[in-house]
Amino acid sequence: MTTVAAYAAPAAKAPLERTTVERRPVGEHDVLIEIKFAGICHSDIHQAREGWGEAIFPMVPGHEIAGVVSEVGSAVTKFAVGDRVGVGCMVDSCRECENCKAGLEQYCAEGMTGTYNAIDRNGEPTYGGYSTHIVVDEAYTVRIPEGLALDEAAPLLCAGITTYSPLKHWNAGPGKKVAVLGMGGLGHLGVKIAHALGAEVTVLSQSLRKKDDGLKLGADHYYATSDPKTFEDLRGTFDLILSTVSAPLDLDAFLALLKTDGAFVNVGAPEEPVSLNLFSVIGGRKTLAGSSIGGIPETQEMLDFCAEHGFGAEIELISASEINEAYERVLASDVRYRFVIDTATI
Ligand code: NAP
Ligand code: ZN
Ligand code: ZN
C-alpha cells in the first residue's frame, strides 16, 4: 500500500479537507497514475452530501481524472510510463456479462465499480481523483490524445462521455434539431459535441445570462426557460432534447417541445423524483429515455473525436483549497463551465 494525499469529505455535508488515503500496490494489470487534474462533477456534490442516499465516508470524490502513467504492472500492454491517460466514473466491472462484453461496462449486470463511493471487488473502498495518485486496472484506463490539454481533457471523462454517448445513440447529426437543456458542465460539452456532430443546436437555459458563451460554443439558438413564451415558440420543434439538469423538471412542458417521434433523453440525476403525465408521451409517439456515462471503448472514441475537432472543456482551474467554494458555485449554477482542480495544490 502507498499513502497519498487527497481531499475528502469526512462525513455527509461536511466540508472537504486535506487528508491521506491508501492506494493498493500496483497489480500486474494495473497502472499507477500521477493525477494532474480532476474535474468537479455535480455528481460529486450529490454524493458528498448524500443526496442520492447513503454513501461511504470518508469520501474522496472525483471521476474526471487526467494524469500521466508513472508505473505499470508486469502484464500491462496498453500503456507505458509517461503516457497521458484518463479515468472516468468506473474502475472495474464483471467483464463477463453481455453488457461488459459489448463495451457497455457502465450497465454491467453485476453493477460497475464506481471510481469512488464504492466497494471494489477486493472489498476495499474506492477513492477518486481529488488526490495525487491512483492505481487503476489498465482495462478501465483510456488514452488522452496529444493535442488535448490535460486540464481541459479531464472533464471529458465524465461530462464529455455522458453527453457524447446519448447524442450518438439518438443520432444527433446533420438535419437534426437538438436541444441541450442546462448549460453547466455537461450541458456546455453537449453543445460543443452536438455542434461538432453537425446538428442544429439550441440551448435551453434558465436565463439568457450565458447566451454569448452558448453561441460561441456552437449553439445556433438560445432560449430562456424562465420565459413562458419559449414554450409557445418552440412547441413541436426538436428531434432530440438532452437534459443535463441537476434538479427536478417539468417534464410535460419539455416533452411538448418535441416533434412527433422525438426523444427526450435525461442524463441529469436530481435528488428528488419527478412526475409525468403519460399523455405527454402518448400524443406524438414520443420517447422518454435515460443514459448513463458511456463504456470504455466509447469513452476512447469520444476523446479521439474531441481531439480531432480540437476542443476540450471550458474550465476554471482551481487549487484544492477552493473546492468547497466551487461546490457552492456549482449549486448556484455559477460555473463556467467546469471547475478543475490542479492536484499539485493538494
Ligand atoms: P452543473 O454543472 O451544475 O449543470 C447543471 C445545469 O442545470 C446548471 O448549470 C443549470 O443550467 C441547470 N439547472 C440547475 N438547477 C436548475 C433548476 N433548479 N432548474 C432548471 N435548471 C437548473 O452539473 P453537471 O455536472 O453538468 O451535472 C448535471 C447533472 O447530471 C447532475 O445531476 C449530475 O449528477 C448528472 N450526471 C449524470 C450522469 C449520467 O451518467 N447520467 C453523469 C454525470 C452527471 P442553466 O444555468 O443553463 O439553467
Ligand atoms: Zn460525473
Ligand atoms: Zn458485467
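Me: Which residues coordinate the zinc ion (ligand 3)?
Reply: This is a predicted model, in which local features need pLDDT of at least 70, side-chain atom pairs count only at pLDDT 80 or more, and totals for chains, interfaces and linings use all residues. Residues are numbered from 1 along each chain as written, chains are lettered from A and ligands numbered from 1 in written order, and side-chain values use heavy atoms, without hydrogens or water. Donors are N, O and S atoms within 2.8 Å of the metal (3.2 Å for Na, K and Ca); water is not among the atoms, so sites may look incomplete. At 2.3 to 2.4 Å, each through SG, the ion is held by Cys-94, Cys-97, Cys-100 and Cys-108.

Me: What is the site of the zinc ion (ligand 3), judged by the angles among its four donor atoms?
Reply: Those angles run from 103 to 121 degrees. Four donors pass the test for this class if all angles lie between 85 and 135 degrees. The site is tetrahedral.

Me: What spacing do the donors of the zinc ion (ligand 3) follow along the chain?
Reply: Cys-94 sits in the loop between strand S6 (90-92) and helix H2 (98-101). Cys-108 is 14 residues away, in the loop between H2 and strand S7 (113-114). Helices (H or I, at least four residues) and strands (E, at least two) are DSSP runs, numbered from the N terminus. The donor spacing is C-x2-C-x2-C-x7-C.

Me: Which residues around ligand 1 come nearest?
Reply: The shell holds 29 residues. To be near, a residue needs a heavy atom within 4 Å. Helix H1 (42-48) gives the largest share, three residues. Coming nearest are His-42, Met-183, Ser-205, Lys-210 and Arg-338.

Me: Which residue has a polar side-chain atom 2.8 Å from an oxygen atom of ligand 1?
Reply: Backbone atoms also approach ligand 1 oxygens: a polar one of Ala-269 at 3.0 Å, and a polar one of Ile-293 at 2.8 Å. The side-chain atom asked for belongs to His-46.

Me: Where is the place of Pro-58?
Reply: The peptide bond from Phe-57 to Pro-58 is cis, with omega near 0 degrees. Pro-58 belongs to the loop between H1 and strand S4 (65-72).

Me: Where is Tyr-337 found?
Reply: The peptide bond reaching Tyr-337 from Arg-336 is cis, with omega near -10 degrees. Tyr-337 lies in the loop between helix H11 (323-331) and strand S17 (338-342).

Me: What is phi of Lys-13 near?
Reply: Lys-13 is in the loop between strand S1 (2-8) and strand S2 (17-23). Its phi is positive, in a residue other than glycine, and near 70 degrees.

Note on methods
A polar contact is a pair of N or O atoms within 3.5 Å; within protein, one must be able to donate a hydrogen and the other to accept it, and residues adjacent in sequence count only if both atoms are side-chain atoms. Four donors count as tetrahedral if all angles lie between 85 and 135 degrees; four count as square planar and six as octahedral if opposite donors are over 155 degrees apart and all others between 65 and 115; anything else is irregular.
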